[in-house]
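I opened this notebook to record, step by step, what I looked up in the structure shown below.

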Amino acid sequence: MAHVCTIAWVHGMVQGVGFRYSTQHEAQKLGVTGYARNLDDGSVEVVACGDEHAVNQLIAWLKAGGPRSARVERVLAEPHQPGREWTNFSIRY
């Protein structure tokens with residue numbers, strides 16, 4: 001199975017609604033590493049690395065709206081070559 005990394009920017013009402021924590025929980029469930037962090041423009045940046053199928057499942061979950069408390073308007077995602085290996089999925093501040 002291919003190891004891939006994807007970076008995604010999630011736009012909508014995604015800050016202050018537990019979005020990063022829900023994303024972390026979903027990523028851990030799928031065995032995906034990386035991070036989620038709030039950006040100044042109100043969006044959330046998600047880096048997801050791991051088995052291609054698991055990363056695709058996490059991105060699909062984001063595009064489907066993420067947690068019920070969020071209102072996802074759009075998700076932009078592209079392949080990513082991070083400068084480091086992630087050992088877990090963290091929330092960055």
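Which residues of the largest nonpolar core touch the most other members? I kept in mind that I was reading a predicted model, and I found that V10, F19, V32, V46, L58 and L62 hold this place among the 19 residues of that core. When I asked where the core comes from, I noted that strand 1 (3-13), helix 1 (19-30), strand 3 (44-51) and helix 2 (52-63) each supply at least two residues, and that helix 2 gives the most, with 6 residues. I also noted another core lying apart from this one, made of 6 residues that include I7, Y35, V47 and C49.

L58 touches T23, E26, A27, L30, V32, A48 and F89. T23, which is found in helix 1, touches V46, L58, W61, L62 and F89. Is T23 buried or exposed? It counts as buried, because its relative accessibility is 0%.

Next I turned to the sheet, which is open, has 5 strands in the order 4-1-3-2-5 and shows mixed pairing. Strand 4 (71-79) and strand 5 (89-92) stand at the edges with a single partner strand each, so one side of each has no neighbour in the sheet. Strand 1 and strand 3 pair in the antiparallel sense over 8 bridges, and V4 has G50 of strand 3 as its bridge partner.

Last, I checked the helices against the sheet. Helix 1 packs on it, touching strand 1, strand 2 (33-38), strand 3, strand 4 and strand 5, while helix 2 also packs on the sheet and touches strand 1, strand 3, strand 4 and strand 5, its direction making about 155° with that of strand 3.

Technical notes: Residues numbered from 1 in each chain as written. Predicted model: local features only at pLDDT ≥ 70, side-chain atom pairs only at ≥ 80, totals over all residues. Heavy atoms only, no water. Core = buried A, V, L, I, M, F, W, Y, C linked by side-chain atoms within 4.5 Å. Buried < 20%, exposed > 50% of the residue type's maximum accessible area, 1.4 Å probe, protein only. Helix = DSSP H or I, 4+ residues; strand = E, 2+ residues; numbered from the N terminus. Contact = heavy atoms within 4.5 Å. Pairing = 2+ DSSP bridges. Axes fitted to C-alpha atoms, helices over the stretch in contact; angles between N-to-C directions. Lists of a residue's contacts leave out its neighbours within four places in sequence.
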